Amino acid sequence: MKITALKTWIVPPRWLFLKIETDAGLSGWGEPVLEGHAATLAAAVQELEDFLIGQDPRRIEDIWQTIYRNGCYRGGPVLMSALAGIDMALWDIKGKELDTPVHALLGGPVRDRIRTYRWCGGDRPSDLIEGVRAVQAQGYTAAKFNICSELQIVDTHAKLDGIIQTLFDLREAVGSEMDLAFDFHGRVHAPMARVLLKELEPLRPIFVEDAVVSAMVETMADLARATSIPLCIGERLHSRYDFKRVFELRAAQVINPDTAHVGGISEMVRIGHWAEAYDVALAPHCPIGPIALAASLQVDAVCHNAFIQEQSIGIHYNAGADVLDYVEPGGIVVEDGHLLIPQGPGLGIEVDEAKVEEMARIGHRWRAPVWRHDDGSIAEW
Ligand SMILES: [Mg+2]
């Protein structure tokens, strides 16, 4: 079997889809996107055509290693997201050729479904009580949200008080049955993170995500030693080599790599299994589209330490184009706050190519918002 073509579509709300075609009539889908950089990723995939056309798509590991190692420069968000989309599509092809789900090729599933959480409250958190109650009413048992908007490296007592009060009010309103994950989103710097983690301990969140921006692994390790709250890092790390320091420094108890940003299913499984040796839990990041979600679910199926899966159904970015709009019913199913592990061949979803074509005519130019502090300096989003 030989790869004959790579096709990409930039589709709303902020995604990039990839289809790899072969001379055997089989094709596979991937999602090689980096939020805010879809056109860059489309170009990165196109550059790899020169190598990929004519390759046997069944040699996934050799293709992975060649793309990773060849050309000197490696790692990082752009190259690893391009590789991720390609890796997903190759696994999809292999599964379809053998008429079996990808997880069956990775050792077989250890679970039938995985708990999932919903995002609430937008980029700047608002109406959290209403938002969390709404997802609770839909059967979800966990929700995640940003805990604050812009926060200075050292901010005011009043600002911190407001954040803390809002979260205590939320816990009181939704009760202890609902699990809450607090995303600091890299907006919080070390001086404020130290204070907030201590104050928020009584609320027992399932984790605090990116307590400081993820380049600060040493700072995260200091914070991890100072709090009982499980700390989570990983959405902005891009390979095993980035996670090495996290594990060695005991910087987190939960990791949330993104299948679409760490080189795909192949690398996610390796990171997930490696985390087991440190008793670190896996909570895959996935605020993007259905192909990335299906690929994540294949990983959740085989990683014993996976305990919760992010997904973006109904997130504020997805107005007018949501996760389930691009796939045939039955592939991605939420039931009782859980996502079912897809059982169809390959990634287990059927992409509606006509819909993809239609929506690509609309396309998108999604960009992260630009925020500034009161003094005019740029703020972390
Ligand atoms: Mg996050």
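Student: Is D183 buried or exposed?

Tutor: The model is a predicted one, and the accessibility is computed from its atoms. D183 has a relative accessibility of 3%. Because the limit for burial is under 20% relative accessible area, D183 counts as buried.

Student: Which protein residues are the donors of the magnesium ion?

Tutor: The donor atoms lie 1.9 to 2.5 Å from the magnesium ion. Along the chain, the donors follow the spacing D-x25-E-x25-E. The residues that supply them are D183 (OD), E209 (OE) and E235 (OE).

Student: How many residues apart in sequence are the parts that D183 and E235 tie together?

Tutor: D183 belongs to strand β6 (residues 179–183), whereas E235 sits in the loop between β8 (231–233) and α9 (240–248). E235 is buried, at a relative accessible area of 9%.

Student: At roughly what angle do the axes of helix α5 and helix α6 cross?

Tutor: Helix α5 covers residues 128–137 and helix α6 covers residues 157–174, and their axes come within 9 Å. The crossing of α5 past α6 is right-handed. The angle between the axes is roughly 35°.

Student: How do the residues of the contact of α5 with α6 divide into nonpolar, polar and charged?

Tutor: From α5, the contact involves L128, I129, V132, R133 and Q136. From α6, T166, L167, D169, L170, A173 and V174 take part. The division is 7 nonpolar, 2 polar and 2 charged.

Student: Which residue of β2 is the bridge partner of K7?

Tutor: Strand β1 (residues 3–11) pairs with strand β2 (residues 15–22) in the antiparallel sense, over 8 bridges. The two strands form a hairpin, with 3 residues between them. In β2, the partner of K7 is K19.

Student: Leaving aside neighbours within four places in sequence, with which residues is G363 in contact?

Tutor: G363 lies in the loop between α12 (353–360) and β14 (371–372). G363 is buried, with a relative accessible area of 13%. Once neighbours within four places in sequence are set aside, the contacts of G363 are I10 and P12.

Student: How far apart in space are G363 and E172, C-alpha to C-alpha?

Tutor: In sequence, G363 and E172 are separated by 191 residues. In space, the C-alpha to C-alpha distance between G363 and E172 is 42 Å.

Definitions and conventions
Residues numbered from 1 in each chain as written. Predicted model: local features only at pLDDT ≥ 70, side-chain atom pairs only at ≥ 80, totals over all residues. Heavy atoms only, no water. Donors = N, O, S within 2.8 Å, 3.2 Å for Na, K, Ca; no water. Helix = DSSP H or I, 4+ residues; strand = E, 2+ residues; numbered from the N terminus. Buried < 20%, exposed > 50% of the residue type's maximum accessible area, 1.4 Å probe, protein only. Axes fitted to C-alpha atoms, helices over the stretch in contact; angles between N-to-C directions. Left-handed = near helix turned anticlockwise from the far one by under 90°. Contact = heavy atoms within 4.5 Å. Nonpolar A, V, L, I, M, F, W, Y, C, P; charged D, E, K, R; others polar. Pairing = 2+ DSSP bridges.
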